[in-house]
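Biologist: I have a new structure to get to know. Can we walk through it, one question at a time?

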Amino acid sequence: MRIRKKKWARPELAACPFYIGEPEKAAGTWKTYFEKEQPLHLDLGCGKCTFLAKLAHREPAVNFIGVDISQDILGVAKRNIEAEFGEEPVENVALLAFNIEKLDALFAPNEKAARIYVNFCNPWQKAGDHKRRLTHTRQLETYKKILAPGGELWFKTDNMDLYLATQRYLQEAGFTILCKTDDLHSENAPDNIESEHEVMFTAQGIKTKAIIARLD
Ligand SMILES: C[S@@+](CC[C@H](N)C(=O)[O-])C[C@H]1O[C@@H](n2cnc3c(N)ncnc32)[C@H](O)[C@@H]1O
């Protein structure tokens, strides 16, 4: 995703109580970081957080970490979260800028997530780039270090090749696919929250493909 540099993003994030400025120091702190100790879900490549803002507001009994590599995008995400929560305090969200390829560095061995969301990640179409996909087997091996037993990966994409390849990656990494669809919006999925890219691709007539998989 290309986004113009936003001069205001860094100072706004620095002053934001739910932004973590030094994520490399976060490992070992997650149990006490949030207001309440409760299940932890991650949104990887959260972008502008139109999805995470609604989800976290709807599910106060879950703590959420939104991770994106771009501080400019996270500046917009911070504003979207504040807009969604309005006057209510944002107690169950943490945002941080970090490269997901090194995600395990943010967690101590005893800190586990119950669920990981990956929505509309870059499909990296060229064969030489497949390893950079956020659902590639290599990346799933990193998520396995963070996910609790029985933890789940919730994945959505516009890209058919990535959808099919991700099923293979999940099997290679030892995940069990609980459900999958090549047209999520044709299914009965009343709880689905559309992400920014889901709205964009749907408007172009591109179907949303989705997979839920479990780590046994
Ligand atoms: C296509 S956007 C999708 C945003 C959002 N999930 C959605 O569905 O609208 C992909 C996002 O992933 C982020 N991203 C890509 N590779 C990343 C990486 N290795 N580490 C952290 N963020 C990454 C990008 O900065 C971008 O915001």
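Biologist: What share of the contacts with a separation of 6 or more comes from residues 24 or more positions apart?

Modeller: First, some ground rules. This is a predicted model, where local features need pLDDT of at least 70, side-chain atom pairs count only at pLDDT 80 or more, and totals for chains, interfaces and linings use all residues. Residues are numbered from 1 along each chain as its sequence is written, and side-chain values use heavy atoms, with hydrogens and water left out. With contact meaning heavy atoms within 4.5 Å, the share in the protein chain is 79%.

Biologist: What percentage of the residues is buried?

Modeller: Buried means under 20% relative accessible area, exposed means over 50%, and partly exposed lies in between (1.4 Å probe, protein chains only). The protein chain has 216 residues, and the buried part is 49%.

Biologist: In what order do the strands of the open sheet lie?

Modeller: Two strands pair if DSSP finds at least two bridges between them. The open sheet has 7 strands and mixed pairing. Its edge strands, each pairing on one side only, are β3 (93-97) and β6 (175-181). The order is β3-β2-β1-β4-β5-β7-β6.

Biologist: Which residue in β3 stands opposite Phe-64?

Modeller: Strand β2 covers residues 63-68. β2 and β3 run parallel, joined by 5 bridges. Opposite Phe-64 stands Val-93.

Biologist: At what angle does helix α4 run to β3?

Modeller: Axes are lines fitted to C-alpha atoms, for helices over the stretch in contact, and angles run from 0 to 180 degrees between N-to-C directions. Helix α4 (residues 71-85) lies across β2 and β3. Its angle to β3 is about 170°.

Biologist: Which elements do the buried residues of α5 pack against?

Modeller: Helix α5 (residues 137-146) runs at about 140° to β5. Its buried residues are Thr-137, Gln-139, Leu-140, Thr-142, Tyr-143 and Ile-146. They pack against β1, β4, β5, α6 and β6.

Biologist: Which residues touch the most other members of the largest nonpolar core?

Modeller: A nonpolar core is a set of buried Ala, Val, Leu, Ile, Met, Phe, Trp, Tyr and Cys residues joined through side-chain atoms within 4.5 Å. The largest one has 37 residues. Its largest share, 5 residues, comes from α6. The residues that touch the most other members are Leu-42, Ile-65 and Tyr-143.

Biologist: Which residues of the second core can you name?

Modeller: That core is separate and has 22 residues. Among them are Cys-16, Ala-53, Ala-77 and Ile-193.

Biologist: Which residue in β5 is the bridge partner of Asn-119?

Modeller: β4 and β5 pair in the parallel sense over 6 bridges. β5 is mostly covered, with 8 of its 11 residues buried. The bridge partner of Asn-119 is Lys-156.

Biologist: How far apart in space are Leu-184 and Cys-16?

Modeller: Leu-184 lies in the loop between β6 and α7 (196-203). Leu-184 is buried, with a relative accessible area of 12%. In sequence, Leu-184 and Cys-16 are 168 residues apart. In space, C-alpha to C-alpha, the distance is 35 Å.

Definitions and conventions. Helices (H or I, at least four residues) and strands (E, at least two) are DSSP runs, numbered from the N terminus.
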